[in-house]
Amino acid sequence: MGAMNELIDRSTVLSLAGLLREADGTRAWGAVEESADRVDGLQLRARSDLVAVAMLSDESSYDELSTAVRRALRLPAFTGWMIWPVTEAVTTAALRGFSSDSHQALVRFDDGLRLLAELTPRLTAEFAIRRFLAADLDRALANILPWTRSPDEHVRRLASEGTRPFLPWAVRVASLTSSPEKAVPILDALRTDPSEYVRRSVANHLNDLSRQSPALVARTAGRWLAEPDANTAWVVRHGLRTLIKKADPAALALMGFSDATLRVSPIALADETVTLPGSLDFSLTVTNEGDAATRLAIDYVVSYVKNSGALAEKVFKLSAKDLQPGETVGLRKRHAIHQMTTRVHYPGTHLIELQINGRRYSRRAFELEVPSSVSPG
């Protein structure tokens, strides 16, 4: 994360202060300039927050801040990571003292969202938008839905990405996770978007929904598949990826993965002991013994030893195959095993098995050795 932190460094903040001064010469923007000397040693999010607070101390109202920011948007150099604290400052100012009973507060709310849409082509406002969703989900979504018709793909993507229930590195919005169906009209509007950038966000949003509402995801994907375009199959397949790994029956059926009569060979291991860092090399064959062609979603499952000695499963995608009656396919895979920040490996007896169309086959054990010289990632 060290290199990431430097995306907002002293020079970035000084550049921001200079551009704000150029856009609005009535202020010195001294607090922003002074904050440049205090970002060193902070994490990226903390740097953004520090600069956002500095921007607010140089402004007395949302109207003044939004005017200065819109003037800065006329400057081509007003772009990149300096925009993150700007989006956070705009959000804080727009939501200050928010009440749905106040006309002026609602005017600031709506304009704040419009300003985030104007800023997002310079750097995504997907994190800042979360606080609007938390303050008034229905009003925020009513403002966001028209963005799906924007000529700018960045704005259209913001509509989908910013409303993801489990957007990585973003705050959770309780009202969104408890009512995930409320954002589905946005996905409906964007699922055939001409931009792959936008469609990928739609698929990731659908995949997020599968964590809490698999039935909603299956219904939504089913509607899309009933009226497909050239990209629908990919969007649905990517959006259902977690449910497929979890062997969800509805998701498997939507993708054409039905129960099949198969003969699966024992898993052959190149070595029954893996020394970290290393790889588990394995191979096997699958034969369709049924009377009809079948479509197979072939995954493999590794059960890792935890620090407690218990096992924890992780499903990995291996292949998708269409097999004719009597046809056999051979499969090989090298599965890398090394320490990571997201998974610490412990020595002991691990397991590997196949998962095909939701059913498990050919479990094998293997030993993992972790030399004392290998430290966690």
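Colleague: Which residue in β9 is the bridge partner of His350?

Modeller: This is a predicted model: local features need pLDDT of at least 70, side-chain atom pairs count only at pLDDT 80 or more, and totals for chains, interfaces and linings use all residues. Numbering starts from 1 along each chain as its sequence is written, and side-chain values use heavy atoms, leaving out hydrogens and water. Strands are DSSP runs of E, at least two residues long, numbered from the N terminus. In β9, His350 has as its bridge partner Phe366.

Colleague: How many bridges join β8 to β9?

Modeller: β8 covers residues 348-356 and β9 covers residues 359-369. Two strands pair if DSSP finds at least two bridges between them. β8 and β9 run antiparallel, and the number of bridges joining them is eight.

Colleague: Which are the edge strands of the sheet?

Modeller: The sheet is open, with five strands in mixed pairing and the order β3-β9-β8-β5-β6. Each edge strand pairs on one side only. They are β3 (273-275) and β6 (311-323).

Colleague: With which side chain does the side chain of Glu367 make a polar contact?

Modeller: A polar contact is a pair of N or O atoms within 3.5 Å, one able to donate a hydrogen and the other to accept it; residues adjacent in sequence count only if both atoms are side-chain atoms. At 2.5 Å, the partner side chain is that of Thr349.

Terms used:
Helix = DSSP H or I, 4+ residues; strand = E, 2+ residues; numbered from the N terminus.
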